[in-house]
Amino acid sequence: MTIKKHVKLGLSALALSVSLNAMAAEDPIKVGILHSLSGTMAISETVLKDTVEMLIEKQNAEGGVLGRQLEAVVVDPASNWPLFAEKARELLAKEEVDVIFGNWTSVSRKSVLPVVEELNGLLFYPVQYEGEESSENVFYTGAAPNQQAIPAVNYLMNEIGVERWVLAGTDYVYPRTTNKILETYLMDMGVAKEDIMINYTPFGHSDWQNIVSDIKSFGSAGKKTAVVSTINGDANVPFYRELGNQGISASDIPVVAFSVGEQELSGIDTGPLVGHLAAWNYFMSVDSDANYDFIDQWVAHTGDEEAVTNDPMEAHYIGFNMYVEAVKKAGTTDVDAVKDAIIGVSVPNLTGGYAAMMPNHHITKPVLIGEIQDNGQFSVVWETPSTVAGDAWSDYLPGSRDLIADWRKPLFCGTFNTVTGKCGASAGQMAAEEAE
Amino acid sequence: MSIIRSLTLLLIALVSLWSLPASAQDDDPGKALLANLAEAPASNVEEAINAIVSSGDPRARGWLEAYGNNRLSRIKDTGQVVVVLNNRGRDWEIANPLTGENMGDMSRRELDRVAINNAIRGQLEGILAMLDLNAADPHVREASAQDMMGKVDASLVEPLEARLELEENANVRNRIEEALAIYRVGEGDIEAVDVLAGSLHPRARAALNQAVRSDDPVLAKKAGQALGTIEQKLKLNRAAETLYFGLSLGSVLVLAAIGLAITFGVMGVINMAHGELIMLGAYTTWGMQQLLPGQPGLALILSIPAGFLVAATAGIIIERSVIQYLKGRPLETLLATFGISLILQQLVRTVISPQNRTVVTPDWMSGSLVINDALSLTLNRMYVLGFALVVFAALMLIMRKTRLGLEVRAVTQNRNMARSMGIRATRVDIMTFALGSGVAGLAGVALSQLTNVGPNLGQNYIIDSFMVVVFGGVGNLWGTLIAGLSLGTINQLLEPWAGAVLAKIIVLVFIILFIQKRPKGLFPQKGRAAEG
């Protein structure tokens, strides 16, 4: 049903843009959307495609950019990592899009990196990730570890008094890197090694009985215990269900999650989860007019009164507006000019503040800690006093401590080593090497 | 915590005030109390709660409960505090906390939630538990006494001791004593260690663990000994728990695989869309719950026949449209059914939604059966375990005792001979495939209670299903049961020391090696049928 509607909408938008094009002197600005619409990641990525389409519609209604209309070019990489690279090539080489909004998983981003660098494209990546990367052609509008994981741990340590830590994650690059950073950070803060328990589970893990029982006994050592969860998407539902069934409440052992948002909660009965935490840079429940307007717009766009918004959607909102501002500033959609112009651009976020693009291609974000409520929403219980700038290279990993990224001239480098004074390989080269 | 001190006051006041009618709204003292709570900065919230508790207002409990559940909001314009009855969507249904009168819907923009966090919620739980200690139902008293464990502080000791004097129920007495002992051990009381020595409650263990680290050598030693005995008992419980976990995982495997044991095992069709038939069953449960809002239990029970029918119908369609034309060509069947599985997944994504759907667990299935403080068996998994056994028994009965079963066995053993005896082989094929698919649907209904209901549900189980069927011996239902349960148990035994990822790998390697040694699985088909 929705597909029909989308097609209809898409057609009418197309018709509209075609008719407007006839009037406009120039060709439309082509916006590539590289999100999986089928396969395992469709659950998370389809809403992001819809978000970008909605933003484009709105921008066009306001007259487009530089008097030109915007046009969405949607491709479906089908949750298939190598296909992401092919589709990115198709977008850049064949469709000649001016900018791409896309990717969710880190492997898909790594697969796309060499292509975007080779063909000098622009990619806005909207999801929180493990950091350790800064590409000339990529803008990271999601959180780096210092914008999500570290502040969340600080909150637990200082406000809740947690002394014993369970780092539970799905077995892939984001949780592994994040947990490595957190482990070093916790040990630096004086937490003993036996007070840290690290656990990895496969993708889509559904049998949590043993692990939850382990966490329960780990938590009965007389010190306040918390679980820091980097468990990915789907596996969270049975995990929380098991917590509830084994009688672990948020006041006993709180779980703070980095990958559980409104979208994930919309698939569960949240009753037993009330009080567990999540750290994000945006919650749907944030009390600001910008947010309420965005939600109204989203509900109207989807036609679903129950539609939820989430953090990566806000990241696209920010990224899209930053791109628009940068194009206006540069006066052209030329990739190099936009890359130059976008650094320092500042646009409103949805939490009532501003987000600025930093020289390392990461943005400033407030960090919010929210508690799960019985309506599948989060209520904000704590936030950083000011926004935090994303750090591409973590200070808590031995290899990356000395690296900085700065895409302004004269440095113009994503892997500058402050000790040796040399610029390392580009992110795309590194990704290509890893793939081999 | 000075809040608690005033509790006794409140309790007395409650009784005396209950009979009084609600006074006029404007000079209602509740209005000021709630406004005070809503406007208090974080540091003064405790004081505001304290004021509400000591006011002795009979509505206090309701207010505090609403506050604890995040249901207290303030209208931005007027500053009036309201209770949110329904906080879904963009418009919230609100009510007046003073009169209980429904005030209709209000836009979320107009409302400001009264903030609460885990720390305050913990205190509130203590207060509410203290109130519940006076409930008439001993189960409520026991639960609230248990909630008090680890939350007792100096101000609570006196009211708790007073309560202990009055208490007649032995279980509740034990709980209160333990709660008090946890506090006393924390204060360095050596005698109290004895009370905790036999307790398996995690908070008792936490208190003893803390005592072991204390400066008093006598206390530390005694606590250490008490912990030793507890650890002994725990080991036993832990073993029982692991066994239960194993059987439960095993039952999930059996459920997922048993339909395949019929389509693949008995008929020899490699059906890669088996997982999606499971998914259809799970979606049927969701659909049923949408049709019968507010009655998740009834919907779940009705889903059992409905899930069977939906999946069986889908099975018949697949069999008629594709599989019958590919008889005896396993590779093509595999590829074709794999295609069907992708089609079904995408169909669900486009028709329903790529998002997971919420399937509610009925009350009688949530929570756990508490054997003791260290051993509790989760109810939903116990139901699934029972369900798996019932489905298995029913299938056995069908295969062994009914005409259909006889015909199925005849056709699979010697198709031509069966046909010459007057059995309509094509019809039997359809029935068998429908039966196997229907059972997959039943598995989906059960799985909807344990895992996500989404388009990817089936994928997670297809590999496991084939693994179980092959390991158990193709064509043998008993083999599937034994293989499922034993693989589940092995997996759960390995998991604590190998980790979830490695445990899965070890099990897989084990099966590969096993199949090398015994290619026909645990229980190979014997007799002439095996050669055919």
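## Annotated spans

How far apart do the end C-alpha atoms of residues 497-515 of chain B lie, and what is the helix and strand content of the span? The end C-alpha atoms are 25 Å apart, and the span is 100% helix and 0% strand. Helices (H or I, at least four residues) and strands (E, at least two) are DSSP runs, numbered from the N terminus. For residues 382-399 of chain B, the end C-alpha atoms lie 26 Å apart, with 100% helix and 0% strand.

The unreviewed UniProt entry annotates "transmembrane region" in chain B at spans including 382-399 and 497-515; such annotations, given in the numbering used here with shortened feature names, may be inferred rather than shown by experiment.

## Basis of the model

This is a predicted model, in which local features need pLDDT of at least 70 and side-chain atom pairs count only at pLDDT 80 or more, while totals for chains, interfaces and linings use all residues. Residues are numbered from 1 along each chain as its sequence is written, and chains are lettered from A and ligands numbered from 1 in the order in which they are written.

## Chain contacts

In chain B, 53 residues are in contact (C-beta atoms, placed from the backbone, within 7 Å) with 53 residues of chain A. Helix 20 of chain B supplies the largest share of this side, seven residues.

Note on methods: Contact = placed C-beta atoms within 7 Å.
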